[in-house]
Amino acid sequence: FVVYGWGTNGSGQITSPEGVSSVMAIAAGGNQSFALRSDGSVVGWGAAAAVPNGLSGVVDVKAGNSHALALKSDGSVWAWGNNSYDQTNVPTELSNVTAIAAGGDHCLALKHDTTLICWGRNTSGQATPPAGLSNVTAIAAGRLHSVALISDGTVVVWGNNTYGQTNMPAGLSNVTAIAASGYHTLALKADGTVVAWGGGTFDYGQSTVPADLSNVIAVAAGRYHSLALKNDGTIVGWGLNDSGQINVPTGISGATAIAGGDYHSLALKPNAE
C-alpha cells in the first residue's frame, strides 16, 4: 500500500518520500504527514515530522497541529514535536493503551479498561474527560475539543464550544466511528451515513454533508474540510477548498484509508500494478 496526497504542499506535507511502501496506516496534522509501515516503523514528511530515533513496534500513529503520537504494540505511547503545552510529555504512568488521538495541542489515550488519560493544552477543558466516562471504544480530537465513542453507539463531546463543535445533534445513535479536527466533528453511523456539526464563524461547509452521501466506511476531518471513504474505495470531500484539499485526484480508487490535515488530505491505496 502507498500514500497519495493532495492540497497545499508548502512544507512538503503531500510529497511522501520516494520508496515509502508497505504502508498500513496514515495520519495528517497541521503541515505534517505520517505513514505507519507493516514492519512497525514510522515515516514522516512535512514540518515537524522528524520521527524519534529508535521508534519501532508501532501499531498506530496520529498527528496534531505540530506534534505526533505513536502507539506501540506493548501499549506504551511515544510523542514528539512541539511541546508548548506539554503535549509531548507522555504521563509516566500511562500503560495498557489501545488507541490514541492528537488534537491541536492536546492528546488522548484510551486504555484497555475503556477509560481515558488526557494531557497537553487544557484551556477549554479539552484534556479533562467528563467524570464517570467509561465504556469508550474510540476517540478523536479537534483543535480545542475532544470526542469519545461509547460502546452503545452514542457519542460524548467536551471542550471548547465557541464554534458549536460540542453541540452534538439530539438523538445521535448507532455511531460506529468518529473524527474531529479544527472546529467541527463527524460521526459515521452504522447505516453508512455521516452526521456533522460545528464550524461556527469558521463555517466553510465542512459540516454540510452532501445530501446523497451513503455507503461510507470511514471519515476524516481536516481543519476546515471533511472526507468520507465509501465502500467502493472512492473518496468524497467537502468544505474549504482553497488549496484543493477536497479535490481528490483523478485515478485514486480502491482507497483503504483517509486522513485530513490543516489544508491537505491523504489516502492509502494498493500499489498501482
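**The charged pairs**

Author: In this predicted model, Asp262 and Arg223 meet through their side chains in a salt bridge, at 3.5 Å from N to O. (Salt bridge: a side-chain nitrogen of Lys or Arg within 4 Å of a carboxyl oxygen of Asp or Glu.) This pair joins distant parts of the chain, 39 residues apart. Asp262 sits in the loop between E20 and E21. Arg223 sits in the loop between E17 and strand E18 (225–230). (Strands are DSSP runs of E, at least two residues, numbered from the N terminus.)

How exposed are the two partners? Arg223 is buried, at a relative accessible area of 18%. Asp262 is buried too, at 9%. (Buried: under 20% relative accessible area; exposed: over 50%; partly exposed: in between; 1.4 Å probe, protein chains only.)

Local features need pLDDT of at least 70 and side-chain atom pairs 80 or more, while totals for chains, interfaces and linings use all residues. Residues count from 1 along each chain as written, and side-chain values use heavy atoms, without hydrogens or water.

Asp262 has another partner. Arg143 forms a salt bridge with Asp262, with the closest N and O atoms 3.4 Å apart. Together, Arg143, Arg223 and Asp262 are linked in a network of salt bridges.

Side chains of opposite charge can pair when their charged atoms come close. How many salt bridges does the whole structure hold? The search finds 4. One of them joins Asp60 to Lys62, and the closest N and O atoms are 2.7 Å apart. Asp60 is buried, with a relative accessible area of 17%. Lys62 counts as partly exposed, at 28%.

What gives the most to the largest nonpolar core? The largest such core has 14 residues. (Core: buried Ala, Val, Leu, Ile, Met, Phe, Trp, Tyr and Cys joined through side-chain atoms within 4.5 Å.) E8, strand E9 (106–111), strand E10 (116–120), E11 and strand E12 (145–150) each supply at least two of its residues. E11 gives the most to this core, with 3 residues.

Leu108, Leu110, Leu116, Leu133, Val136, Ile139 and Ala148 have the most contacts inside the core. Take Val136. Beyond its neighbours within four places in sequence, Val136 is in contact (heavy atoms within 4.5 Å) with Leu110, Thr114, Leu116, Ala148, Leu149 and Ile150.

Thr88 touches Trp80, along with His67, Ala79, Gly81, Asn82 and Asn83, leaving out residues up to four places away in sequence. Thr88 sits in the loop between strand E7 (77–81) and E8. Thr88 counts as buried, at 16% relative accessibility. Thr88 and Val77 are 11 residues apart in sequence. Their C-alpha atoms are 9.9 Å apart in space.

Methods:
Helices (H or I, at least four residues) and strands (E, at least two) are DSSP runs, numbered from the N terminus.
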